[in-house]
Amino acid sequence: MTEYLSEILSEDHITPANTIARLVLSLILGLCIGAERQMRRHDAGLRTFSLICLGSTCAVIISIWLPQTHPDMLNGDPGRIAAQVLAGVGFIGAGAIVKSKGGVQGLTSAACIWQTAIVGMTAGAGLYMGAIVMTMMTLFILVTMERIERLLRIDGENLVLTITLGTPTPEMRKIEDAIRSAGGKLKESSMSADMTMGTSTVTFRLTLSSTISQAEIVKALAAQSDVTSVNIVE
């Protein structure tokens, strides 16, 4: 059994057996990356990443299989099939990047989508160990590097807050002063009022120094009059 599996994995030509092996490996690796994104409650999760990984693998398999099956093919370049994967994935990644509420979100998800496509292409090319190592390194970056980034933020961290108030005409200056007093540095602010409900929503983009915690800012804002809720926008 081991010898048979080793023979399948070592074959250079595309066969039904190693095609299945590459697709199964691609599915597993795509699910691993997708699971990490899913656990963080991102819109692109298990299904998205497994499909991207599988599709990329299949594209590379086709680009290898075509010249193998049609050696006399004169027109066209089969390698373009795999090359266009990156262009197509770029559109998907761009859709994951959203600028809203004073900040840019989705950059890491977009990078993950691109990286997953590369993992799938690597598996499709038969570089099994390379695909596995890439997946392990990707998961290491996603899980571990976030903590390191926080430690390295000497100048502080960026934060987007959404505050709901029980009045359509909040005292903005008073709220801004509370943020500054708590150690926050304001960058942008926006407000929308609902005259029917008699409420308003204010969004602040600010920077916290390394000595100030998010909890301190939230506590300072929650103590203000008319503030009904304070939410941190991830």
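1. The largest nonpolar core has 22 residues, of which Phe-49, Val-85, Val-89, Val-119 and Met-121 touch the most other members. A nonpolar core here is a set of buried Ala, Val, Leu, Ile, Met, Phe, Trp, Tyr and Cys residues joined through side-chain atoms within 4.5 Å. Buried means under 20% relative accessible area, exposed means over 50%, and partly exposed lies in between, with a 1.4 Å probe and protein chains only. Two or more residues are given to this core by each of helix H2 (16-39), helix H3 (46-69), H4, H5 and helix H6 (128-152). The element that gives the most is H5, with 7 residues. Apart from this core lies another, of 17 residues, including Leu-159, Leu-165, Ala-178 and Phe-204.

2. On the basis of the values: this is a predicted model, in which local features need pLDDT of at least 70 and side-chain atom pairs count only at pLDDT 80 or more, while totals for chains, interfaces and linings use all residues. Residues are numbered from 1 along each chain as its sequence is written, and side-chain values use heavy atoms, with hydrogens and water left out.

3. On the overall organisation: the protein chain has 8 helices and 6 strands. Helices (H or I, at least four residues) and strands (E, at least two) are DSSP runs, numbered from the N terminus. Along the sequence, the pattern reads α-α-α-α-β-β-α-α-β-α-β-β-α-β. The protein chain has 234 residues, and buried residues make up 34% of them. Of the contacts between residues at least 6 apart in sequence, 66% join residues at least 24 apart; contact means heavy atoms within 4.5 Å.

4. On H4 and H5: helix H4 (residues 79-96) packs with helix H5 (residues 107-124) at an angle of about 160°, and their axes are 8 Å apart. Axes are lines fitted to C-alpha atoms, for helices over the stretch in contact, and angles run from 0 to 180 degrees between N-to-C directions. H4 and H5 are therefore roughly antiparallel to each other; angles under 35 degrees count as roughly parallel, over 145 as roughly antiparallel, 65 to 115 as roughly perpendicular and the rest as oblique. H4 passes H5 in a right-handed crossing. A crossing is right-handed if the near helix is turned clockwise from the far one by less than a right angle, and left-handed if anticlockwise.

5. On the residues of that contact: H4 contributes Ala-82, Val-85, Leu-86, Val-89, Ile-92, Gly-93 and Ala-96, which meet Ser-109, Ala-110, Ile-113, Trp-114, Ala-117, Ile-118 and Met-121 in H5. By class, the contact of H4 with H5 holds 12 nonpolar, 2 polar and no charged residues. Ala, Val, Leu, Ile, Met, Phe, Trp, Tyr, Cys and Pro count as nonpolar, Asp, Glu, Lys and Arg as charged, and the others, Gly among them, as polar.

6. On Met-121 and Ala-82: not counting residues up to four places away in sequence, Met-121 touches Ser-56, Thr-57, Val-60, Ala-82, Val-85 and Leu-86. Ala-82 lies in helix H4 and is buried, with a relative accessible area of 11%. Its contacts, leaving aside neighbours within four places in sequence, are Val-60, Ser-63 and Met-121. The C-alpha atoms of Ala-82 and Gly-124 are separated by 9.8 Å, although the two residues are 42 residues apart along the chain.

7. On H3 and H5: these helices pack at an angle of about 40°, with their axes 7 Å apart, and H3 passes H5 in a right-handed crossing. Among the residues in this contact are Phe-49, Ser-56, Thr-57 and Val-60 of H3 and Val-119 and Met-121 of H5. The contact of H3 with H5 has 12 nonpolar, 6 polar and no charged residues.

8. On H2 and H3: the packing angle is about 150° and the axes are 7 Å apart, which makes H2 roughly antiparallel to H3. The crossing of H2 and H3 is right-handed. The contact of H2 with H3 divides into 12 nonpolar, 7 polar and 2 charged residues. Ile-28 lies in helix H2 and is partly exposed, with a relative accessible area of 45%.

9. On Thr-167: this residue lies in the loop between strand E3 (157-165) and helix H7 (172-181). At 14% relative accessibility, Thr-167 counts as buried. Leaving aside neighbours within four places in sequence, Thr-167 is in contact with Gly-198, Thr-199, Ser-200 and Asp-226.
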